[in-house]
Amino acid sequence: MKFLTPEQKKFYDDNGYVALDILTEEEKDELSRDYDIIFKEKAQSDLEATWQGDWNDKKEKMKQEVKSIHGLQMYSATFTRLLLNKKLLDACEDVMETPDILLHHTKAHTKPPGTGSPFPMHQDYHYFPFKKDSMIAVFLSLDAADPSNGGLCVYPGSHKLGPQEDISTAPGYHYLSQEIFPIEKALPLTLTRGQVVIFSYLLIHGSYDNTSDRIRRMFLIQLMSADDIPMAKVHLSDCQKMVLRGHCFSREADIKRRHRDFVEEEKIAKGM
């Protein structure tokens, strides 16, 4: 183990997630400041990302919103430094059991006080399935979070169930049966400011609506093993396959393919 204790590693293996204290107070302050600067600078953009579909019968009765920006490392070097944080990558290497770690994507979600919408119980697997299921999420809670301000909740051990049925009625969104996996039976996670939760992309998880007078800001990093293989050419994002630790030699080196248009590749893959 490079960062995790044997007890923490066993907890992750048994439960599919582990909460860790990794960042210094200075790092937390810098991330929080630049996070707010990015959202302020992009306030006039379309940032609304409330989960669509027929899973939430409250969405038609009240205002609910989630503001989201993907690829924060493309706006601020502060988030690039976080991707390369040694302690964070040590913890991820312990969890993933590989020294070769690639970036899949990053994103930020902000739940405003009083109107922040919930996320249905889901597995990240359905958004970007991989052959070896090496994918993990690094969930950074920039604010203290609990159920009242839209905090994260999980079904411990559910990563061992494998992929569950995606019943989404909205293209581009995925979620599981909310009757089989109701949010009321999930385990709420109470996190301190700047705490990190690492979890398997097979873990069933969601989050509550923000009914409090406190904001809930999060930053998510999705990582994969360099030797894993995507099952579909979807979710192509900024800096995808960037080597954060170790090596990756599956990438082409053909000089004739040095210029790549990922947008066009994704359109072709989707038959657009």
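**Ground rules.** I note that the model is predicted, that local features need pLDDT of at least 70 and side-chain atom pairs pLDDT 80 or more, and that totals for chains, interfaces and linings use all residues. Residues are numbered from 1 along each chain as its sequence is written, and side-chain values use heavy atoms, with hydrogens and water left out.

**Overall form.** I found five helices and 11 strands in the protein, where helices (H or I, at least four residues) and strands (E, at least two) are DSSP runs numbered from the N terminus. The C-alpha atoms fill a box of roughly 55 × 45 × 40 Å along the principal axes. For 272 residues a compact globule would have a radius of gyration near 19 Å, and the 18 Å of the protein agrees with this; the radius is taken over C-alpha atoms, and the globule rule is 2.2 Å times the number of residues to the power 0.38. Of the 272 residues, 53% count as buried, with buried meaning under 20% relative accessible area, exposed over 50%, and partly exposed in between (1.4 Å probe, protein chains only). I also looked at contacts (heavy atoms within 4.5 Å): among those between residues at least 6 apart in sequence, 86% join residues at least 24 apart.

**Aromatic pairs.** I counted rings of Phe, Tyr and Trp (its six-membered ring) as a pair if their centres lie within 6.5 Å, with planes under 30 degrees apart taken as stacked, over 60 as edge-to-face and the rest as tilted. By this rule the count comes to 10 aromatic pairs. Trp51 is buried at a relative accessible area of 7%, and Phe119 is buried at 9%. Trp51 also forms an edge-to-face pair with Tyr127, at 6.1 Å centre to centre and 70° between the planes. This pair too links distant parts of the chain, since Tyr127 lies in the loop between β4 and β5, 76 residues from Trp51. Tyr127 is buried, with a relative accessible area of 18%. On the ring of Phe119 I noted a further neighbour: the charged end of Lys111 sits over it, 5.0 Å from its centre, the rule being NZ of Lys or CZ of Arg within 6 Å of the ring centre and within 35 degrees of the ring normal.

**Nonpolar cores.** I took a core as a set of buried Ala, Val, Leu, Ile, Met, Phe, Trp, Tyr and Cys residues joined through side-chain atoms within 4.5 Å. The largest has 35 residues, and those with the most contacts inside it are Cys92, Ile198, Phe219, Ile221 and Leu223. The elements giving two or more residues to this core are β1, α2, α3, α4 (86–96), β3, β5, β8 (196–200) and β10, and α4 gives the largest share, six residues. Apart from this core lies another, of 15 residues, including Phe130, Met135, Tyr175 and Tyr201.

**Helix α2.** Which residues of α2 are buried? I listed Lys28, Leu31, Ser32, Asp34, Tyr35, Ile38 and Phe39, and what covers the buried residues of this helix includes β2 (67–70), α3 (77–83), β3 (101–111), β5 (136–141) and β10 (216–225). Thr24 lies in the loop between β1 (17–20) and α2 (25–41), and I found Thr24 partly exposed, at a relative accessible area of 33%. The C-alpha atoms of Thr24 and Gly194 are separated by 8.5 Å, although the two residues are 170 apart along the chain.

**Backbone.** Most residues other than glycine have a negative phi. I therefore noted His235, which is not a glycine and has a positive phi of about 55°, and which is buried at 19% relative accessible area.
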